Amino acid sequence: MTSRASAVPAADVEVAGSGLAELTCAWLLLARGHRVRLRPSGPTAGPRPLLLNELTLNLLHSLWGRAPLADCHRLTHRQACWGPDAGPIGRRLSQPATVVDGVRLTERLLDRLAAQYPDAFSGPSGPPRWTVTAVGPSGHWTAGRRHLLAGEAPLMPGTDETTARLVCTELAWLHLTPLGGGRALLQAMIPGPATRPTELLERLLAGSALAPALRHAPETVVALPAAPRLHHTPVTSGRILVGAGAIRYDPLSGTGTAQALRTAILAAASLHAMAAGAAQGPVFTHYTTRLRTAFHAHIATCAQLYPQAFASPSWQHETDACRRRVPPLRADGDG
């Protein structure tokens, strides 16, 4: 701990949850000498594959030293076919990335926290002044209603397991991520909810260029809301939302994990600043404004990309939703 950090009064913080954003915020606060009580969430059904590009991986390592990435699968290329002018195959680009099990990764980060800061799992005993969490009350701006269908399936023998592939059909984009060991994660983004996700993903796969890469469609499919969203008030007196609870990106961007880590960095810096004597109001405004600025930039990109690939009326709602701007922050710092 630096002398400057030790000169700042310690804040009492509870970190509720065990996602990447919550654990990273706890790690940063503990390193600055703050009193942190960890309240991990319950067991998570897994696995939960995460595709981390090199920038995200470097950010993770810069925050945690060398993040424990056992059992990962390395990718070297990405092949993208986006829009009618991309051709039937698209372009294969050198783009290193790493596939990790997000559940096992956070378990290892929890182990590292417990080894370095064992007191964080038992104290302080009094009520915290601040709570950092990714689970908050309702109140989001959501840019659309699209859903992501996802499931695992076996690859055909001889399929390249070092290249992630993105293709489009008339209704959806589909992404195939090799997981190693002859298996892959198949994801499809559709412009609304799905009542029968397994059957729909099977139909989408059959009409796409990815079908020859898989032995068969995923047998179990989950459908998740996936439109970008931003909480109205990600920071209030006593609570700071981080990760997807504060801001969620469209999976197409491939930068959602990096943005979750950035919220952890910003939340830790905000709590440290207030412990050092900064007024709550300006800190609240700064935190909220930074997230809104990032959100505006993200949905503007979505509004440019989606019309390039989807001209059908079913996608018009999603394009329009991304073109509507989030209301500006008022001078008093409230949303």
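Two strands are said to pair if DSSP finds at least two bridges between them. The legends below apply this term to a predicted model.

**Figure 1. Strands β7 and β13 pair within a three-stranded sheet.** Three bridges join β7 to strand β13, which spans residues 229-231, and the two strands run antiparallel. One of the residues involved is Thr142, whose bridge partner in β13 is Arg229. The sheet is open and has the strand order β7-β13-β16, with antiparallel pairing. At its edges stand β7 (140-142) and β16 (247-248); each has a single partner strand, so one side of each is left without a neighbour in the sheet.

**Figure 2. An open sheet of eight strands shows mixed pairing.** Strands of a sheet pair through backbone hydrogen bonds, either parallel or antiparallel. In this sheet the strands follow the order β3-β5-β4-β9-β10-β11-β8-β12. The edge strands, β3 (49-53) and β12 (222-225), each pair on one side only. On average, neighbouring strands of the sheet are turned by 30° against each other, with direction ignored.

**Figure 3. Thr106 is a buried residue of helix α4.** The helix comprises residues 102-116, and Thr106 is found within it. The relative accessible area of Thr106 is 9%; a residue counts as buried when this value is under 20%, and therefore Thr106 is classed as buried. When residues up to four places away in sequence are not counted, Thr106 touches Ser18, Gly19, Leu20 and Leu23.

**Figure 4. Helix α6 is largely enclosed by the rest of the structure.** This helix consists of 20 residues, 256-275. Of these 20 residues, 15 are buried, which is why α6 is described as largely enclosed. At 1.5 Å a residue, the helix should span 28 Å. The end C-alpha atoms of α6 are 29 Å apart, which agrees with that expectation. Gly277 follows α6, and the phi of this glycine is positive, near 115°.

Notes
Residues are numbered from 1 along each chain as its sequence is written. This is a predicted model: local features need pLDDT of at least 70, side-chain atom pairs count only at pLDDT 80 or more; totals for chains, interfaces and linings use all residues. Side-chain values use heavy atoms; hydrogens and water are left out. Helices (H or I, at least four residues) and strands (E, at least two) are DSSP runs, numbered from the N terminus. Buried means under 20% relative accessible area, exposed over 50%, partly exposed in between (1.4 Å probe, protein chains only). Contact means heavy atoms within 4.5 Å. The expected span of a helix is 1.5 Å times one less than its number of residues. Axes are lines fitted to C-alpha atoms, for helices over the stretch in contact, and angles run from 0 to 180 degrees between N-to-C directions.
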